[in-house]
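Here are my notes on this model. Please read them with the structure open.

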Amino acid sequence: MGTFHQDKGELHGITVLVTTAGPESWIGRCDTMMGEHVVLLGADRHHADQDEASLDEWVGKASMVGFFPRHERVLLPHAQVAAVRPLHEL
Amino acid sequence: MPYDPMLVAPMREELTRLGVQELLTATEVDDWFAQKSGSALLIINSVCGCAAGQARPAIAPALEHPVHPDRVATVFAGQDTEATARAREQFGDFPPSSPSMILFQDGELVHFVPRHRIESRSAEEIATELTGAFEKYQAASEA
């Protein structure tokens, strides 16, 4: 899985769902997981306390039709990351 | 910023040699969408690796299927920006995604294959999804 740049991890170039220890979850194209952060490019965020849609609804819609890349680059410290899963597997 | 036209020419030809109509301007996009009857597939082409490795190679086997769209066209994201933007206006509720493939039946969007369902699948799997959609919506239109 992934494309080129093996030093960036096997999910490089793959669209992933990142859940965190807090209320935020992110969907974006994984750039790298190899440094101090999970780095997403072209990402969108779900906030469990602020968004009308549930996380399941938000992920379900993204799985069907994609998502709007509202954030150009997002850095998520590994300590805050609960799981990183390819969107196509959800 | 668009890539060198010489660099992307083979990426265009990979589709145009299959008979896919290239839409280079907003006017060409408008003309293509003006025809509503029948089935039509729009391919959003891209310079990225998954377009080269999976998206474009999926098109030839999909179009060889006995049931295939009446019309097939492509716009090139990041290259033909005016045409791509105009095409995306036709399905503005859907997030921009490149590469991607969009199937229309009688002018209505009926099936969408966004990038994340291309980047991690084989060309054969994508072609199978497309041909399944061709069959499903042709059967529905004939019912």
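Two residues are in contact if their C-beta atoms, placed from the backbone, lie within 7 Å. The model is predicted.

1. Helix pair in chain B. Take helix H3 (residues 49-63) of chain B and helix H5 (residues 123-142) of chain B. Their axes come within 8 Å and cross at roughly 50°. Angles from 65 to 115 degrees would count as roughly perpendicular, and those under 35 as roughly parallel. H3(B) and H5(B) are therefore oblique to each other. Their crossing is right-handed.

2. Residues at the crossing. H3(B) brings Gln54(B), Ala55(B), Pro57(B), Ala58(B), Pro61(B) and Ala62(B). H5(B) meets them with Ala123(B), Ile126(B), Ala127(B), Leu130(B) and Thr131(B). By class, nine of the residues in this contact are nonpolar, two are polar and none is charged.

3. Leu18(B). Look in the loop between helix H1 (5-16) and strand E1 (21-22) of chain B; Leu18(B) is found there. Leu18(B) has 15 inside 10 Å, so Leu18(B) counts as partly exposed.

4. Partners of Leu18(B). Leaving aside neighbours within four places in sequence, Leu18(B) is in contact with Ile59(B), Ala60(B) and Leu63(B). Leu63(B) is 45 residues away along the chain, yet the two C-alpha atoms are separated by 8.3 Å.

5. Contact between chains. Chain A gives 13 residues and chain B gives 12 residues. On the chain A side that touches chain B, eight residues are nonpolar, five are polar and none is charged.

How values were computed: Residues numbered from 1 in each chain as written. Chains lettered and ligands numbered in written order. Predicted model: local features only at pLDDT ≥ 70, side-chain atom pairs only at ≥ 80, totals over all residues. Nonpolar A, V, L, I, M, F, W, Y, C, P; charged D, E, K, R; others polar. Axes fitted to C-alpha atoms, helices over the stretch in contact; angles between N-to-C directions. Helix = DSSP H or I, 4+ residues; strand = E, 2+ residues; numbered from the N terminus. Parallel < 35°, antiparallel > 145°, perpendicular 65-115°, else oblique. Left-handed = near helix turned anticlockwise from the far one by under 90°. Buried ≥ 20, exposed ≤ 12 C-beta atoms within 10 Å, placed from the backbone.
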